[in-house]
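Please look over the sequence and the structure below before reading on. The paragraphs that follow lead through some helix contacts and a pocket.

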Amino acid sequence: MTEYLPSYVEGSWWTPALRQAQGPITGTEVRDASTGEVVTRVSTDGLDLAAALEHARTVGQASLGALTFHQRAVLLKKFALALTERKEELYALSARTGATKTDSWVDIDGGIGVLFSYSGKGRRELPNSRVHVDGPVEPLSKDGSFLGRHIHTTLPGVAVQINAFNFPVWGSLEKLAPAFLAGMPTLVKPATPTGYLAEAMVRILVESGLLPDGSLQLVSGSVPTLFDHLRLGDIVGFTGSASTAESLKAHPAVQTGGVRFTAETDSINASVLGTDAVQGTPEFDAYVRQLVTEMTTKAGQKCTAIRRAIVPAGSADAVIDAVRVRIADKTVLGDPRVEGVTMGPLASTAQRDEVLRQVGRLQDAGGRIVVGSTDAPEVRRADGSTGAVVDGAFVSPILLRFDDSQTEAAHEVEAFGPVSSLLTYDTIAEAAELVGRGGGSLVTSIATHDPVQAVDLATRIAPFNGRMLLLDRDDSRSSTGHGSPLPNLVHGGPGRAGGGEELGGIRAVLHHMQRTAVQGSPEMLTALTGVWHAGSAARSEGRHPFRKALSELRIGDQVVSASREVTLADIETFAHFTGDTFYAHMDEEAAAANPFFPGRVAHGYLLVSWAAGLFVDPEPGPVLANSGLENLRFVTPVSPGDEIRVELTAKQITPRETDEYGEVRWDAVIRNQDDEIVATYDVLTLVSKEPAAVAVPA
């Protein structure tokens, strides 16, 4: 008898077989998508969901909460490396789901890529702390004693992900990465037809020994009572059908219990061919190539696939002919383990039957099949022979044409497989209206080389889409494609697409945190955020801060420089040396006529350069390099005869987890002889962690 697929809860593996003595188990058979062979059985009979959730909220929160953003980011990279070492195991299982090597690459390597991406972003864009500061300081009093800021802190619950069957690895990892980086433990609930691939991925991570206790759990099977155990502080990320999302969203835990719910659902995505992209242009070829790719990759089982091909009326026949030829030339349907197969089956025979049922609905509404057929296709079998496979979930690529582009079904019925509908338009306004008829989409692409047309169409349809791809001859080869969500760009869409938002770089991390407005004194905000605020304690006695290694330096360490007079000769020397002879520095009459200047003034960059000379400690030491200057603002002009001095204060200290040095952000303020602020900016330096200097890697 085929074994039950394990779950991983409360730090150990669990199967319903452990409770067989208590009575019969209600389970579901999962079959190979190509052959119909039973792969495993799935059941959660007897699984204590409440205990699993509480394990995450207690053990998982504690273990992740002990780590900084950077420490979590380093672990994400290690997860990615552990999965990379054993990804061939995942590829072998992925073929059983109906995925070709290319499909598996999108799912498996794509998921691993998300881990790498968030690891890098976490270390580059987040502080090495547990609190994220959002936006600038808001002064709330004239004397600077009362300030406001916004901060993000980790939600205290568990991130529950309910995933679709089409991307069992990527779907799990694209939700795990930002939640983990935010410090939230995750409970993964994969879809049953392909859950065994998600289980294998989780098993590799568990066996790596890298997972902090309670940070990741897996439930293999149905979770009918899950929402009854959720509470304020928990978050649910759902990917699946719009109807299921609506029913889950209606649960009291979401409606009144404070559980955050984000959904990414089915979407009648569109791809628009511009009027200039006629047959023979690079844009026409790119459009057809992309359309066929989206119909056949993952056998069309992608929430981002093109469901509506919207083309100028005069190009419809040419597009149909080109799609037919490309499918005939490039698509080989069959068991993905057979060499040469480019498109596998759907995930299950139930999914096959559902796709064909939806195609029937489209036909009943007036759609004519112009490419492909609903008949059982000839495929390459596992033994290398060709023929139909009764127990396989195969469907041919199908393109339907609607003579009436306004037909309601064309914009509402989704056959979640290798199926697209072709609709025609006469004007850009009509094309935009057709896109909007989809009720909200994850993505729409526009193939045109006409910037005016692209801007017109894009501005009309942007409110109906989470993402847009502008496709032309200049980017068609480098484009990642219509159907490829990227970790640094938002994935989600309005309306029917679910109204949720995932990925988008650090945005997704902040979805798992609470933004809170904080009001208080500079001293209190410095203590809370780990960022020095003007008005809080500063120490300028003793050693120069540049003499201190990262282990010795403290927030608020400061150097206050001596003053330096600015002369007219200095200004003219700088102007001729740099070539910056702007009239405000060289022409007294013209400068005086300028409403911003009292007459000739010093160059701002001269003052910043002098400031560096005033605060720097020149001898070799812990400071290794100046890595940048940010947020520069010139406030008060400096005239010949004025004096300037600079205050430099250690504002934020960020050790690098994998290097022997870190970054120090210094608050720099240049003042004149009247104590007026001349300029403000941040200086960034790389500083050794320990007193002995180390070389910075090239």
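Helix H17 (residues 568–578) and helix H20 (residues 604–615) pack at an angle of about 105°, their axes lying 10 Å apart, which makes H17 roughly perpendicular to H20. Angles of 65 to 115 degrees count as roughly perpendicular, those under 35 as roughly parallel, those over 145 as roughly antiparallel, and the rest as oblique. Helices (H or I, at least four residues) are DSSP runs numbered from the N terminus, and their axes are lines fitted to C-alpha atoms over the stretch in contact, with angles running from 0 to 180 degrees between N-to-C directions. The contact (heavy atoms within 4.5 Å) joins Asp 570, Ile 571 and Phe 574 of H17 to Tyr 605, Leu 606 and Trp 610 of H20; by class, it has five nonpolar, no polar and one charged residues.

This is a predicted model, in which local features need pLDDT of at least 70 and side-chain atom pairs count only at pLDDT 80 or more, whereas totals for chains, interfaces and linings use all residues. Residues are numbered from 1 along each chain as its sequence is written, and side-chain values use heavy atoms, with hydrogens and water left out.

The axes of H9 (282–296) and H10 (316–330) come within 10 Å and cross at roughly 55°, and the two helices are therefore oblique to each other. On the H9 side, Phe 284, Tyr 287, Val 288, Arg 289, Leu 291, Val 292 and Met 295 meet Ala 318, Val 319, Ala 322, Val 323, Arg 326 and Ile 327 in H10, a contact that divides into eleven nonpolar, no polar and two charged residues.

For H3 (residues 87–96) and H4 (residues 101–125), the axes also come within 10 Å, here crossing at roughly 140°, which makes H3 oblique to H4. Lys 87, Leu 90, Tyr 91 and Ser 94 of H3 make this contact with H4 residues that include Trp 105, Ile 108 and Asp 109, and its classes are five nonpolar, two polar and three charged.

These four helices, H3, H4, H9 and H10, each supply at least two residues of the lining of the second largest pocket, whose volume is about 1,200 Å³. Of the 50 residues in that lining, Thr 102, Trp 105, Val 106, Thr 293 and Thr 297 are the closest to the centre of the pocket. H4 gives the largest share of the lining, ten residues, and by class the lining has 20 nonpolar, 20 polar and ten charged residues.

Key. Ala, Val, Leu, Ile, Met, Phe, Trp, Tyr, Cys and Pro count as nonpolar, Asp, Glu, Lys and Arg as charged, and the others, Gly among them, as polar. On a 1 Å grid over the protein atoms alone, a cavity is a set of points where a 1.4 Å probe fits but cannot get out, and a pocket is an open set with protein on both sides within 12 Å along at least five of seven lines; lining residues have an atom within 4 Å of a point. Grid points are joined across faces, edges and corners, and a volume is the space filled by probe spheres set on the points.
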